[in-house]
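I opened my notebook for a structure that was new to me.

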Amino acid sequence: MKPAMETAAEENTEQSQERKGCFECCIKCLGGVPYASLVATILCFSGVALFCGCGHVALAGTVAILEQHFSTNTSDHALLSEVIQLMQYVIYGIASFFFLYGIILLAEGFYTTSAVKELHGEFKTTACGRCISGMFVFLTYVLGVAWLGVFGFSAVPVFMFYNIWSTCEVIKSPQTNGTAAVEQICVDIRQYGIIPWNAFPGKICGSALENICNTNEFYMSYHLFIVACAGAGATVIALIHFLMILSSNWAYLKDASKMQAYQDIKAKEEQELQDIQSRSKEQLNSYT
């Protein structure tokens, strides 16, 4: 009975050690995840997706509203239609670029996490690695400044649609007296410069303007532009977050390079000292 009990106890011990080893491995793997880069990547993907998806649909709705109500002549808004179509293609490029760039920055975050260095043994930095990290810092800074401009530009259609919506709310207000007063409340889209001054009709007043505000195209475009603007703001925040992470990683790589050089010099000196001691022992042994 004793050998059987001892065998069962040994098996239980081995199983507990295996479980403990798996648990420690999972803890190390979880510790190797760059959570700051992961949060920034998710925020960047979400912001770009909202901006690109909602902006694409909102631009198409804007063209439909202009063609149906503010500019019945196709030649008047032909240039605007081409610009909007070009912007839609640019949106496709932005979405593809930031998908790849976000993955690259996330991978860079993984490779500069201290826990990953512990998993893969001794970590040594190279001049190429530090240059790549510095390049990411510069590129992310440039993209952050560019997205500040995109964020400001995306607020322009929100402002325009808000003015139209607020004018419609004035028309619906019970304080508005009589049909004549209602018909005097107008919105002239030509003053925003998106269509020429000779566009017809260009200006919509009264009940016709109220009908535009009640259409699905206006409702959807207005709210989609708001979401697209919020997505651009989220992307700016994500890029600022990435910039802080990359700056910290670059500083860590720089310090690691100095530490690496110090350790190499120290190891070389210790090796020379050991060689001197070994030669001294050999000379003493030869004398004796």
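**Cysteine pairs**

I looked up Cys186 and Cys205 and found a torsion of about 105 degrees about their S-S bond, so this disulfide is right-handed. The pair ties together parts 19 residues apart in sequence, because Cys186 lies in strand β1 (residues 186–188) and Cys205 in strand β2 (residues 203–205). Helices (H or I, at least four residues) and strands (E, at least two) are DSSP runs, numbered from the N terminus.

I noted the basis. This is a predicted model, where local features need pLDDT of at least 70, side-chain atom pairs count only at pLDDT 80 or more, and totals for chains, interfaces and linings use all residues. Residues are numbered from 1 along each chain as its sequence is written, and side-chain values use heavy atoms, without hydrogens and water.

I searched the whole structure and got two disulfides (cysteine sulfur atoms within 2.5 Å). The other one joins Cys168 to Cys213, S to S 1.8 Å. It links distant parts of the chain, 45 residues apart: Cys168 in helix α5 (residues 127–172) and Cys213 in helix α7 (residues 206–213).

I checked burial next (buried means under 20% relative accessible area, exposed over 50%, partly exposed in between; 1.4 Å probe, protein chains only). Cys168 is buried at 1%. Cys186 is partly exposed at 29%.

I found Cys44 in no disulfide; the nearest cysteine sulfur, that of Cys52, is 10.0 Å away. Cys44 is buried, at 2% relative accessible area.
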